[in-house]
Amino acid sequence: MLDGIFDTELRHLMLISYIVLGNNAVTNRFIEQAYGMPVHAWSTLFAVSMFPGIRAKEVRHLFPRPQNTISRAAALLDARGLIRQEISPTDAREKCLYITDKGAEVLAEIRATSLQRQEELFAPLDDAERETFFRLARKIADGPQLLKSRAMDTSGGETRERRDATA
C-alpha cells in the first residue's frame, strides 16, 4: 500500500504507525461500542487488575496519559462498579484502586476478545515469525528510548518556532 510513495525509511516508520493505529482503532471502537468505555478507562481497568492497590498517579507510568484523564477513568470505573477506591493507608489524600468481581468479569471478556483480535492480526505470520516479532517488540519496549527522545527533545533546545523567530 505504501510502496512507491515514500522512501524506505519513511515507509518503515509509516508502516509501524499504520499497524499500531489500525489495531487501536478496531480495538478501541469495539470496546467503546460494546462496553461504553473509552480507551483510557479500559487500560486503567487492566492496570488495576494487574497491580491491586495501584494509585491513579501510578497508572500513568504504565499508560502515559495526563493525570486528569486517568482520574476521570477511575471515577467512571468506580461509578460503574468495576473498581473500588480506598483511601491510602499512607496518605489520606490518595486513593488506592482495586478491581471488583464485576470489573474482573468485564476485563476477562475484553481480554478474550482481544486475544481473538490478536490472532486475526498475526494470522499472516507463522509461529517462528510471530516469535521473532514479539522478541524484537519486547527489545524495543524494554529499551530506554520508547517514551523519550533526544531527537525530539524541545526542553531548551532548538524548536521550529525559535528557528523561525531568528530567521
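**Helix packing and a three-stranded sheet**

Reader: How do α2 and α4 sit relative to each other?
Author: Helix α2 covers residues 39-50, and α4 covers residues 67-79. They pack at about 75°, with axes (lines fitted to C-alpha atoms over the stretch in contact, angles 0 to 180 degrees between N-to-C directions) 9 Å apart. Since 65 to 115 degrees counts as such, α2 and α4 are therefore roughly perpendicular.

Reader: What kind of model is this?
Author: Numbering starts from 1 along each chain, and side-chain values use heavy atoms, without hydrogens or water. Local features need pLDDT of at least 70 and side-chain atom pairs 80 or more, while totals for chains, interfaces and linings use all residues, as this is a predicted model.

Reader: Which residues of α4 touch α2?
Author: Contact here means heavy atoms within 4.5 Å. On the α2 side, H40, A41, T44 and L45 take part. Facing them from α4 are T69, I70, A73, L76 and L77.

Reader: Which strands are at the edges of the sheet?
Author: The sheet is open, with three antiparallel strands ordered β1-β3-β2 (DSSP runs of E, at least two residues). An edge strand pairs on one side only. That gives β1 (54-55) and β2 (83-87).

Reader: How many bridges join β2 to β3?
Author: Strands count as paired at two or more DSSP bridges. β1 and β3 pair antiparallel over two bridges, with I54 opposite L97 of β3. β2 also runs antiparallel to β3 (residues 95-99), and I83 has I99 as its bridge partner. The bridges joining β2 to β3 number five.

Definitions and conventions: Helices (H or I, at least four residues) and strands (E, at least two) are DSSP runs, numbered from the N terminus. Angles under 35 degrees count as roughly parallel, over 145 as roughly antiparallel, 65 to 115 as roughly perpendicular and the rest as oblique.
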